[in-house]
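Welcome! Take a moment to look over the protein below. Then use this briefing to find your way around it, topic by topic.

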Amino acid sequence: GGVTWAEQTVNSGIVALLIGTVPLWVVLVDALRPGGRWPGWQGLFGVLLGVLGIFILVNPWSSGTGFKLDLLGAAVVLLAAASWAAGSVYSRSASLPKSPLMGTSLEMLVGGGALLLLGTITGEWSRVIWVSISTKSILGLLYLIVFGSLIGYATYTWLLRVAPTSLVSTYAYVNPLIAILLGNLLAQEPVTSQIVFAAAVIIGAVFLINSAHTPQVKMEPAFVAVEQ
């Protein structure tokens, strides 16, 4: 929900980059929870490096470099990433269905239902102009349903069973790069040296954390829609 709301003001590539910080938040949440474990030096260095990368991306000097970022939108995305991490850590001890597909389906149904209720309460139905919905928007929605959710999630849950978690979690390096590239190619979103440098720092931090001996948490991927 936070990602969807933030993409009204934040480029999709930047959203994917910020969502890519989920492994950083997993380490922090697991360390701060009751009975949690603090990471080793490599994991701690990765967290600090990730924070530096976020600061480079959302720093207040951005307006002077030709790159402007909506700070509220970025904060909401970071909150979404932290919330996702908290749920991932909690899922390690929670009572979940034996079938990964059933668990994923329940997650998406409950999340979708909650957002539908929230949208109704805030009066979004009255702001929908049905005749103005473009064919491109409908095709984008269908793409996210089929490839982003059905195929993407099913493939991920299958990979978790047949491949090491450390290998599967490398999506955290690939997703932001693909989103930045597609955002530039399909929506003409800017790619500045600041974005490239911040991406390198954040992805490097995630690599350090994933390669360290941190708790193995099955983190599901965050699929980000390229802005229309």
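From the N terminus on, the elements of the protein chain run α-α-α-α-α-α-α-α-α-α. That makes 10 helices and 0 strands, where helices (H or I, at least four residues) and strands (E, at least two) are DSSP runs, numbered from the N terminus. This is a predicted model, in which local features need pLDDT of at least 70 and side-chain atom pairs count only at pLDDT 80 or more, while totals for chains, interfaces and linings use all residues. Residues are numbered from 1 along each chain as its sequence is written, and side-chain values use heavy atoms, with hydrogens and water left out.

**The chain as a whole**

- Of the 228 residues in the protein chain, 37% count as buried; buried means under 20% relative accessible area, exposed over 50%, and partly exposed in between (1.4 Å probe, protein chains only).
- The accessible surface of the protein chain comes to about 13400 Å², and 71% of this belongs to carbon and sulfur atoms; such areas come from the Shrake-Rupley method with a 1.4 Å probe, and for residues only the protein chains shown count as cover.
- Among contacts in the protein chain with a separation of 6 or more, 85% come from residues 24 or more positions apart; contact means heavy atoms within 4.5 Å.

- How many of the residues of α2 are buried? The count is 8 of its 8 residues, and α2 is mostly covered.
- Those buried residues of α2 are Ser12, Gly13, Ile14, Val15, Ala16, Leu17, Leu18 and Ile19.
- The cover over the buried residues of α2 includes α1, α3, α4, α5, α9 and α10.
- In α3, the buried residues are Val22, Pro23, Leu24, Val26, Val27, Asp30 and Ala31.
- Packing against the buried residues of α3 are α2, α4, α5, α9 (171-187) and α10.

**The loop residue between them**

- Thr21 sits in the loop between α2 (12-19) and α3 (22-32).
- Is Thr21 buried or exposed? Thr21 counts as buried because its relative accessibility is 0%.
- The side chains of Thr21 and Trp25 are joined by a polar contact of 3.2 Å. A polar contact is a pair of N or O atoms within 3.5 Å; within protein, one must be able to donate a hydrogen and the other to accept it, and residues adjacent in sequence count only if both atoms are side-chain atoms.
- Neighbours within four places in sequence aside, Thr21 is in contact with Ile54, Leu78, Ala81 and Ile202.

**Nonpolar cores**

- In soluble globular proteins, nonpolar side chains tend to be buried together.
- The largest nonpolar core here has 28 residues, of which Ile14, Leu18, Ile19 and Leu57 touch the most other members. A nonpolar core is a set of buried Ala, Val, Leu, Ile, Met, Phe, Trp, Tyr and Cys residues joined through side-chain atoms within 4.5 Å.
- At least two residues of this core come from each of α1 (2-6), α2, α3, α4 (41-58), α5 (71-91) and α10 (193-211).
- Which helix gives the most to this core? That is α5, with 7 residues.
- Apart from this core lies another, of 9 residues, among them Leu24, Val27, Val47 and Ala205.

**A charged pair**

- Side chains of opposite charge can pair when their charged atoms come close.
- The whole structure holds 1 salt bridge, meaning a side-chain nitrogen of Lys or Arg within 4 Å of a carboxyl oxygen of Asp or Glu.
- Here the side chains of Asp30 and Arg33 meet, at 2.8 Å from N to O.
- Asp30 is buried, with a relative accessible area of 2%, whereas Arg33 counts as partly exposed at 30%.

**Helix α7**

- Tyr143 and Phe147 both lie in helix α7 (residues 135-162), 4 residues apart, or about one turn of the helix.
- Their rings form a stacked aromatic pair, 5.0 Å centre to centre with 25 degrees between the planes. Rings of Phe, Tyr and Trp (its six-membered ring) pair if their centres lie within 6.5 Å; planes under 30 degrees apart count as stacked, over 60 as edge-to-face and the rest as tilted.
- Phe147 is partly exposed, with a relative accessible area of 44%.
- Ser137 also lies in helix α7, and a polar contact of 3.0 Å joins the side chains of Ser137 and Ser134.
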